[in-house]
Structures are given as C-alpha cells and as structure tokens.
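Let's take a walk through this model, from the overall build down to single side chains. Keep the viewer open as you read.

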Amino acid sequence: MTVAVRTINDLAAGESALIHTFIDEACAVRLLSLGVLPQTQVTLVRRSPLGDALYLRVGSHHIAIRTSEATTITLQ
Amino acid sequence: MGNPNSGKSTLFNLLTGLRQKISNYPGVTVEKKTGTANIGDNLDVDIIDFPGLYSLYPTSSEEKLVVKILADKANDIYPDLIIYVADGTNLERHMLLASQLLDLHIPMIFAINMADLIAEEKREINVQALAEFLSVPVIPISSRSNLNIDVLKAEVALFHESETSRYLRSEAVATIQPKLYELISIVKERHGMVNDYRALLYAHHGNMLPHLTAAERILLAMEVKVADFASLPNQVEETMERYQKFSSVAKKVISKPLDYKQTWTDRIDDIVTHRVIGPLLFFGVMLLIFQAMFTFATYPMDWIESGFAAAGSGLRSFMPEAWYTDLLVDGVLAGLGGVLVFIPQIAILFLLISILEETGYMSRAVYMFDGLMQRFGLSGRSIVSLVSSGACAIPAIISARTIGNWKERLNTILVSPLISCSARIPVYTVLVGFVVPDTKVWGIFNGQGLAFMGLYLLGIVGALGSALLFKKLLKADGESYLMLELPQYKPPIWKNAFITMKDKVSEFVVGAGKIIISISIVLWFLASYGPSEAMRVATADGESQATELGLSGTEREDLIAGKKIEASYAGHVGKFIEPAIRPLGFDWKIGIALMTSFAAREVFVGTMATIYSIGSSDDEMTVRDRMATQINPATGAKVYNPATALSLLIFYVFAMQCMSTLAVTKQETGSWKWPAVQFFYMGALAYFGSLLAYQLCS
C-alpha cells in the first residue's frame with residue numbers, strides 16, 4: 001500500500017464520515033443491498049466486546065459488520 | 001415477500017390467522033409457510049410467506065431458494081401476485097428488491113409497512129409519488145396496529161377482476177447494458193422467455209438453478225464466457241443504477257426527519273451492546289431462560305406424568321388382563337406420555353427465544369459474539385443455533401441455514417447436538433438425584449439446579465472444543481460475512497411468538513413423536529417376549545426362589561419379573577453389550593436403555609419405565625424411585641451409585657443418541673458422510689468421558 005486510504009475501520013468511536021467506495025465487489029453487493037451506499041454518512045457507534053465487529057449507523061439505521069469487511073469500505 | 005425485518009411474517013400471521021401450514025420446500029429443508037386468507041365474500045387465497053431476502057443476488061441458502069423459485073416461471077409456487085412488504089422507515093433500501101421483482105414482471109402490490117411509526121414521527125407519506133414511480137398499487141399499512149389491512153385485502157380481491165397491467169410496471173427499472181444484448185437475446189431465445197431481467201438472472205445464477213438441465217447449464221456457462229460477462233461487477237453496477245433511479249423518489253415519498261435524534265434503540269444499545277455489560281447481560285438472559293424452563297415447566301410436566309399414570313391404571317382396572325392391555329398401557333400409553341411430557345419445556349424455550357428474535361435482541365447477540373464464534377470456526381449466527389440446540393438440535397441445525405459460509409454452517413451443524421437438548425432433560429432429571437442431593441446451596445440455589453447448569457456447561461465446552469477441531473479439519477469454501485442489520489427494538493408481537501411456539505411443539509410431536517411411540521412399542525415387545533424355553537425356565541426359577549425366600553405378593557412378582565426380563569430378547573441384547581460398557585459402570589439394563597435411546601434420548605426414561613414396571617403391581621411409582629431400589633445381585637450394592645449415575649450423565653451429555661438429528665444432518669449436508677462423522681466423534685467423546693468419570697469416582 002503506497003497511498004494511505006482511510007476505511008471505516010479507521011474511524012474512532014463516535015466519529016462520522018462519508019463513504020467513498022468499495023474495494024471488494026462481493027462485499028459491495030451485500031453492503032449495497034443493506035443500504036450502505038457511496039456518499040452516505042456513516043458513524044462508528046462502537047466496537048464489539050472482542051473488537052472484531054463494528055456497530056455502525058448508516059443514515060438513521062444500524063448495521064453490524066466485521067473489521068475485515070470494514071477495511072473494504074473507503075472514506076472520503 | 002420482502003427484506004428481513006420488514007414485518008412480512010407479522011402481516012402473514014395477520015392475514016392467515018391460524019390457517020397456516022408448515023412444510024419444507026421440496027429437496028431442501030427451508031421452512032415453507034403457507035396459509036389461507038379470507039379476503040372477503042367467501043374469497044380465499046393461498047399465501048406463501050417467503051424467506052426474507054435483500055436482493056436477487058443472495059448469500060445464504062434461504063435467500064438462494066427464493067431466487068431459484070422466482071427464476072423458474074413454471075415452478076408450482078411461482079407467485080401470481082406479490083404482496084411486497086417494505087419498512088417505510090427505511091424505504092430506499094427496501095425498494096431495491098421490489099424493483100428487481102418488478103423487472104421480473106411479476107404482479108405486485110406494494111405495502112409500506114410501519115405507517116403508524118412514520119406518522120408518530122410526524123413524517124408524511126406521499127403514496128401518490130411512489131405509485132407513479134412503481135406504477136403498481138401502493139398501500140401504507142401497519143401490520144402491528146392493523147392499519148389498512150382491509151384496504152390491502154380489497155386490493156388483493158380486486159386482482160381477480162382487473163387487468164394484470166394494473167399490477168405491473170411496463171418499463172424495467174434497470175437497463176441492460178448494450179454489451180450484454182447478444183447474451184440476453186441468446187438466453188431468451190433458447191429458454192423461450194420474453195423478460196430481459198430473467199435472462200440476466202440465468203446468466204448470473206445458471207449454475208444454481210435446479211430447473212435447468214446439465215446441458216443447459218453448460219451452454220449458459222459457455223455463453224457467459226464468450227460474452228465476457230463478469231457477474232460481480234455487473235451486480236454492483238446494476239444495484240447502483242437501481243438506487244440512482246429510485247433514491248430521489250424514496251426521499252420524496254417519505255419526508256425525512258429533520259435531524260438524527262437519539263432513539264430508544266440507541267439508548268438501549270448503549271447498555272445492551274456495551275463491551276462489558278453486553279455479554280454479561282446475555283448470559284444473564286440465558287440463565288433466566290433456563291431457570292424459567294425448569295421452574296415453570298415442572299408443574300405441567302407433573303400433571304402430564306400423573307395423568308398418564310392414572311390413565312394407565314384406570315385402563316387396567318376395566319380391561320381384561322391380556323397382551324393387548326399390556327401393549328396399550330406399557331407400550332402405546334407409556335410412549336405417548338413420553339412425547340407429551342416435553343411440550344412444556346419446548347413451548348417455554350421457543351416462546352422466549354422467539355420473543356428475543358421479535359424484539360431485535362438476537363441480532364445484537366450475533367453482533368457481540370461473531371468475533372468469539374469466528375475463533376471457533378463458527379459464525380456469529382451460530383449463536384442462535386447453539387442457543388436453539390438447548391431445546392432441540394433439529395430446529396437448530398435447520399436454523400444454521402442462515403449462515404452463508406458452508407464451512408461455518410457445517411461446523412455449526414456438527415457441534416450443535418452437543419448442546420444439551422430438551423430430550424436430555426428427563427435423563428438428567430432421573431439421574432441427577434443420584435449424584436447431587438436436593439438441597440439449597442448458599443441459601444438460594446438448588447443443588448440439583450446447579451448440577452444441571454454444570455451438565456449444560458459440559459455440553460457447551462464439548463461443542464466449542466469440537467468446533468475448534470473441525471475448524472482445523474474442514475476445508476474452507478467461499479467467503480464468510482457478518483454484515484447484519486440491527487433492527488430497531490420493538491415490543492414483541494405475542495401472536496407471532498405463540499405461532500412460533502405452536503409450530504415448534506407440533507414439529508416435535510409429529511417428527512419425534514412417531515419415533516418415540518414406535519420405539520416404546522418395540523421395546524414393550526422386546527421386554528415382554530423372549531425365547532419361549534428361556535422364558536419358561538426363568539419363570540420357574542423365579543417362582544422356586546421366591547418360595548425359598550418366603551416372598552409373597554408384590555415382592556414375589558417383582559422377583560419373577562426380574563428373572564423374566566433377563567431372559568427376554570431385550571435382556572439378551574443388554575447382556576451381549578454388557579462387557580463393553582462394564583468399565584463405564586453400566587449393567588445390562590442400562591445397556592438396553594443405551595441401545596434403545598439411539599432412536600431418541602428421551603426413550604431412556606421410557607425404557608426404564610417399561611423395564612422396571614413389568615410384573616409390578618405398583619404402577620404409580622416413579623421411575624426414579626424404582627431405580628433407587630435396584631440392587632446389584634452380585635455385590636448387594638445399589639446399582640445407581642453416584643459414580644454410575646455420573647458416568648451415565650456424562651454419556652448422555654456427549655453421545656449422539658438421536659436418529660432424528662442424524663436424519664436432519666443428512667438432509668442438510670446432502671450426504672451420509674457428515675451424520676457418520678457426527679455419530680462417531682460424539683460416541684468417542686461419550687465413551688471416553690464416561691470411562692474417565694467412572695474410573696475416577698469409583
């Protein structure tokens with residue numbers, strides 16, 4: 001990796017950002033169908049007890065994703 | 001149809017009431033819920049509650065099933081009309097699947113659910129704008145507060161009389177890319193279809209569509225290759241295009257709330273999904289569930305047991321003393337009692353689990369435990385299967401179907417039966433008293449209750465340990481996802497919870513019930529009959545011994561009965577396997593019960609009842625009391641000493657003694673390999689666990 005791209009996994013708890021794009025296509029199909037779209041505001045609400053899942057607020061709705069999935073979503 | 005959490009099943013329950021039927025989709029064991037709804041003036045319609053899905057590009061096998069049905073226009077249950085249920089509070093996302101269904105050219109009524117919640121938030125629904133875009137009837141409803149359900153029914157009734165075009169969108173929402181024109185037209189022509197989007201779905205999913213012949217699939221695969229068609233990028237592009245088409249409409253239809261305000265859900269989740277409090281709370285909830293099962297279920301279980309005992313002696317008092325009376329009382333009635341006695345526990349557990357599902361708590365549990373489960377080679381969704389296994393491994397194994405990743409799903413299926421199920425409860429109940437006295441610990445806990453907890457923990461440790469082993473042994477296959485919706489907390493709908501409870505109970509009675517009753521009858525036969533010469537000798541021997549000892553009445557009959565069962569077919573089998581189980585502290589009578597309970601664990605108690613009640617005039621004695629009086633004829637010591645009882649308990653924690661579970665595993669994995677693996681690894685755990693326990697304790 002030469003360019004440091006910020007992903008959802010780099011957010012601090014309570015921090016919000018706009019989604020830029022998806023790195024992984026298979027993940028993207030699933031995320032899109034859950035209503036996670038580019039240009040949407042996403043907030044990291046908290047991390048799971050063991051830290052490997054994220055509790056996100058997308059728009060006014062909540063979803064949970066793994067950190068490995070979060071690293072495929074880049075931020076603006 | 002609709003996304004998960006759209007309130008689709010609530011609407012289904014509302015429309016059909018109790019006029020519904022649970023069966024399986026042919027070839028797979030995805031639950032198929034069908035029902036009949038009266039939509040006015042003696043007009044009945046058949047409704048199917050399809051599994052919830054987010055799009056026609058599925059990840060789990062439940063979602064895949066829906067796609068398979070919708071791709072095949074000739075399918076028996078291909079819908080005539082779709083009632084599409086969308087969550088109005090998240091309309092944009094719920095429009096995705098609807099737009100795909102419209103492009104398949106299936107007639108649709110679009111129901112905006114949760115209209116009451118939207119009104120509460122002082123937001124308005126512009127029905128007209130949505131109806132214009134979709135060009136199908138749009139009705140704001142609430143399946144929770146019964147809003148506009150009559151309007152929906154009237155619209156369904158109208159479908160019979162009006163032109164189908166009223167329920168169709170003539171133009172596709174998503175366009176086919178020019179570079180795919182040729183591929184689409186080839187597929188359309190060969191399969192004799194007119195719909196572009198259906199042809200596109202064939203190109204995407206050709207390999208998984210069961211209605212296509214092998215030759216058709218090979219042709220499709222070749223054409224897809226020639227056209228240089230990349231499925232995944234195309235799915236992304238198509239989905240993005242759809243959102244672009246309807247995003248602005250969705251925003252216009254439901255006025256946005258001004259600012260994001262902290263909701264109840266946020267406040268609850270601050271505690272419930274807290275990194276420390278959350279997991280503690282989860283185990284607290286689980287503990288409460290099990291305590292509820294044991295305290296509340298005891299009373300109805302006692303009534304059922306004493307009811308059957310009374311019915312048995314009642315029948316005996318007016319029926320002649322003959323083989324068919326024995327068959328009826330000791331075979332059929334005993335077996336039936338053994339089935340019905342589980343109903344209270346299954347009912348309580350599934351009521352509570354479905355309430356947790358209904359409120360939205362279960363998905364929080366999945367979120368919290370996904371990481372932990374991943375370490376064991378399981379999915380966060382496995383937690384639901386593992387918890388359900390507490391009632392019965394059969395629904396638990398079936399519920400593993402929501403796990404998209406095959407390896408995680410298989411692992412969940414293999415280890416779920418190690419979690420102590422309700423069928424083990426009667427075995428534990430009978431035996432635990434021999435190990436732990438019925439006393440209070442620290443003034444509040446019941447000693448036997450704690451022992452129960454210990455047995456459950458042993459099962460959980462066994463399951464997780466085995467999962468870890470399978471994580472290493474099983475081959476990885478495909479991607480594993482969490483990506484899970486955390487729905488808003490909602491008060492549970494009792495009707496839904498009760499329907500789930502009723503379904504689980506009837507599945508158990510119909511499924512396991514037949515096996516239990518037939519085994520009970522076979523057992524009665526094995527225990528009542530034997531080689532005639534051996535039986536005659538045993539009777540004579542018993543009589544002379546009883547006279548020698550000066551016994552009379554019940555004692556005399558019991559002694560003769562003991563001799564007779566030893567000579568019966570059951571005694572022969574028990575004695576044959578005795579050398580193998582002697583090191584575990586088991587005698588041939590336990591051997592008989594181990595053998596028969598391979599059919600189903602709960603048969604253990606029925607077997608004991610049958611074995612010990614034969615020849616006895618005292619039918620009311622409980623199995624446990626009868627077992628407590630058993631003396632080893634060789635040593636004069638009690639048969640059920642703490643070491644034997646503990647060894648037997650451990651055997652029942654681990655052993656795969658359930659034909660039905662093996663059958664479900666075969667069905668879910670599609671091969672006998674996995675039930676065989678399950679049977680042998682659990683058997684090995686049981687044998688060596690019991691051996692260790694008995695040798696250490698005696």
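Two strands pair if DSSP finds at least two bridges between them. With that in hand, on to the model, which is a predicted one.

Strand β2 (residues 41–47) of chain A and strand β3 (residues 53–58) of chain A run antiparallel and are joined by 5 bridges. To find your place in that pairing, look for A:Leu44, whose bridge partner in β3(A) is A:Leu56.

These two belong to an open sheet of 6 strands, ordered β5(A)-β1(A)-β2(A)-β3(A)-β4(A)-β9(B), with antiparallel pairing. At its edges stand β5 (73–75) of chain A and β9 (484–486) of chain B; each has a single partner strand, so one side of each is left without a neighbour in the sheet. On average, and with direction ignored, neighbouring strands here are turned by 45 degrees against each other. Helix α15 (residues 361–375) of chain B packs on this sheet, where it touches β2, β3 and β4 (61–66) of chain A as well as β9 of chain B. The direction of α15 makes about 140 degrees with that of β9(B).

## Chain B as a whole

Now for chain B itself. Its secondary structure comes to 30 helices and 9 strands, and its C-alpha atoms fill a box of roughly 100 × 60 × 55 Å along the principal axes. Of the 698 residues in chain B, 53% are buried. The chain exposes about 30600 Å², and carbon and sulfur atoms supply 62% of that area.

Looking at the pairing itself, β1(B) and strand β2 (residues 31–38) of chain B share 5 bridges in the antiparallel sense. One spot to check is B:Asn24, whose bridge partner in β2(B) is B:Glu31.

Helix α1 turns up again around helix α6 (residues 149–159) of chain B. The buried residues of α6 are B:Ile149, B:Leu152, B:Glu155, B:Val156, B:Ala157 and B:Phe159. Their cover includes α1, β4 (82–87), β5 (108–113) and β6 (138–140) of chain B.

## Salt bridges

Side chains of opposite charge can pair when their charged atoms come close. Over all chains, the count comes to 20 salt bridges. One of them joins B:Asp103 and B:Arg242, with the closest N and O atoms 2.9 Å apart. B:Asp103 lies in helix α3 and B:Arg242 in helix α10 (residues 231–253) of chain B, so the pair ties together parts that are 139 residues apart in sequence.

B:Lys188 and B:Asp196 form another salt bridge, at 2.5 Å between the closest N and O atoms. B:Lys188 is partly exposed at 21% relative accessibility, and B:Asp196 is partly exposed at 32%. Within helix α22 (residues 532–549) of chain B, B:Glu533 and B:Arg536 sit 3 residues apart, about one turn of the helix. Their side chains meet in a salt bridge at 3.0 Å, N to O, and B:Glu533 is partly exposed at 47% relative accessible area.

Which residues form the nonpolar patch on the surface? They are B:Ile271, B:Val276, B:Ile277, B:Leu280 and B:Leu281, with about 450 Å² of accessible area together. Helix α12 (residues 277–318) of chain B gives the largest share, 3 residues. B:Leu280 is found in α12 and is exposed, with a relative accessible area of 60%.

Two backbone spots deserve a look. B:Asn5, in the segment before α1 of chain B, has a positive phi of about 65 degrees although it is not a glycine. B:His105, in the loop between α3 (91–103) and β5 of chain B, has a positive phi near 65 degrees. B:Asn5 is partly exposed at 36% relative accessibility, and B:His105 is partly exposed at 37%.

Terms used: Residues are numbered from 1 along each chain as its sequence is written. Chains are lettered from A and ligands numbered from 1 in the order in which they are written. This is a predicted model: local features need pLDDT of at least 70, side-chain atom pairs count only at pLDDT 80 or more; totals for chains, interfaces and linings use all residues. Side-chain values use heavy atoms; hydrogens and water are left out. Helices (H or I, at least four residues) and strands (E, at least two) are DSSP runs, numbered from the N terminus. Axes are lines fitted to C-alpha atoms, for helices over the stretch in contact, and angles run from 0 to 180 degrees between N-to-C directions. Contact means heavy atoms within 4.5 Å. Buried means under 20% relative accessible area, exposed over 50%, partly exposed in between (1.4 Å probe, protein chains only). Patches are made of residues with over 30% relative accessible area and no salt bridge: like charges are joined within 9 Å, nonpolar side chains (Val, Leu, Ile, Met, Phe, Trp, Tyr) within 5 Å. Accessible areas come from the Shrake-Rupley method with a 1.4 Å probe; for residues, only the protein chains shown count as cover. A salt bridge is a side-chain nitrogen of Lys or Arg within 4 Å of a carboxyl oxygen of Asp or Glu.
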